[in-house]
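Dear colleague,

My findings follow directly after it.

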Amino acid sequence: MNYIGSKLTLIDFLKTSIRETLTANGDNRPPQQLHFADLFAGTGIVAAAAKELGCNVTANDLQYYSYVLCRHLIAGGNGITHERAIRLCERLSASECTEGFIYRNYSLGGTRLHDQPRCYFSDYNAAKCDGMRMELERKWQMGKITLDEYFFLLASLLTSIDKYANTASVYGSFLKRLKKTAQREVVLTPMPIVTGNGKYQVYNCDAESLVNMLSGDILYLDPPYNARQYSSNYHMLETIARGDSPIIRGKTGVRTDQHKSRFCSSRHVFTAFENLIAAANFRYIFLSYNNEGLMPLDKIKDIMSRYGSYSVRMQSYRRFKADSDENRPHKDKVTTEYLHILVKNI
Ligand SMILES: C[S@@+](CC[C@H](N)C(=O)[O-])C[C@H]1O[C@@H](n2cnc3c(N)ncnc32)[C@H](O)[C@@H]1O
């Protein structure tokens, strides 16, 4: 899934940096003996890579759609064979189109009589999405599918419908005319199944409170860098994931009950970050944060250095498209990613 701040292209850099840091500290334990926690998990791609390596994994995110993705990728998939995955998706795809919440609020057909019509999806895709979401709930309520199958299908619906959104990148706005990909009929594509033999936990909490309840070896932190709240940028995925009918407002139809992250506030970010570092009961802490964020690099260094031995690694990479579309008018395509490392005195 295209996601702001996704570390998809940085996985190898992260793996190498983490392995080399542990080795440099004389820690040669195999992954099976390590507990890896990702407290801002987003798409779950980093936590899934840790699971694939064999680590025990905890994943968390404030947004419920991210919880759904991680619940499937990290803690789910049990008993779902490739054939079963295909069959489940085929059956859900057969759901009737229904004029539900997404159709009534985010398609042109459903909002044509509104003062400000919205066009986030074609009429067909919006109604198909509603139909599949409702049918999924029915299947679960009637005991036709397991909980792992429920999250597998919901995660597949989220990642599939996102490909047909009529947006430039995120859900902070929509395009006036249906773009080509949005005109195509949604196809429900099965999410991959990530297998493993470790212990897995997934949470939907604020990282600042959750960190007090955890302990482990490797803590990976990838908080938002700037003032743009993920809850606004991805409000549509939140509503599809929840399957609710929230109060929405304005031209874009954002939820009024959005979670506000303290990491997106220049006033609160330093306290939130230091609280996290101070409370973390983990020996190795890795923070992804670039040089254009709310916290300047020297401030990050100051805070982390108070708790142990600090170092930093850098890697150039191609910026995610959304960052250059409507959110930030950046001209440079290649940017530098910083990985701040703390070997904590605990
Ligand atoms: C840069 S993205 C993470 C991207 C992720 N590493 C990936 O590769 O997909 C930041 C994430 O932090 C989450 N977030 C923001 N504030 C949070 C908080 N206080 N606690 C937990 N998660 C939070 C957002 O919902 C978002 O998914």
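Lys128 is located in helix α7, which spans residues 123-141; please note that the model is a predicted one. Lys128 has 25 other C-beta atoms within 10 Å, and it is therefore classed as buried, the threshold being 20 or more. Apart from neighbours within four places in sequence, Lys128 has contacts with Cys97 and Val186. Cys205 is 77 residues from Lys128 in sequence, and their C-alpha atoms are 30 Å apart in space.

Gly172 lies in the loop that connects α8 with α9 (180-183). Because 18 other C-beta atoms are found within 10 Å of Gly172, this residue counts as partly exposed. When neighbours within four places in sequence are set aside, the contacts of Gly172 are with Ser232, Asn233 and Thr252. Between Gly172 and Lys251 the separation is 79 residues in sequence, with a C-alpha to C-alpha distance of 9.6 Å.

I also examined one pair of helices. Helix α4 (residues 82-93) and helix α8 (residues 147-162) have axes that come within 11 Å of each other and cross at roughly 65°. The crossing of α4 past α8 is right-handed. On the α4 side, the contact involves Ala85, Leu88, Cys89 and Leu92, while α8 contributes Glu149, Phe152, Leu153 and Ser156. Six of the residues in this contact are nonpolar, one is polar and one is charged.

Yours sincerely

How values were computed: Residues numbered from 1 in each chain as written. Predicted model: local features only at pLDDT ≥ 70, side-chain atom pairs only at ≥ 80, totals over all residues. Axes fitted to C-alpha atoms, helices over the stretch in contact; angles between N-to-C directions. Helix = DSSP H or I, 4+ residues; strand = E, 2+ residues; numbered from the N terminus. Left-handed = near helix turned anticlockwise from the far one by under 90°. Contact = placed C-beta atoms within 7 Å. Nonpolar A, V, L, I, M, F, W, Y, C, P; charged D, E, K, R; others polar. Buried ≥ 20, exposed ≤ 12 C-beta atoms within 10 Å, placed from the backbone.
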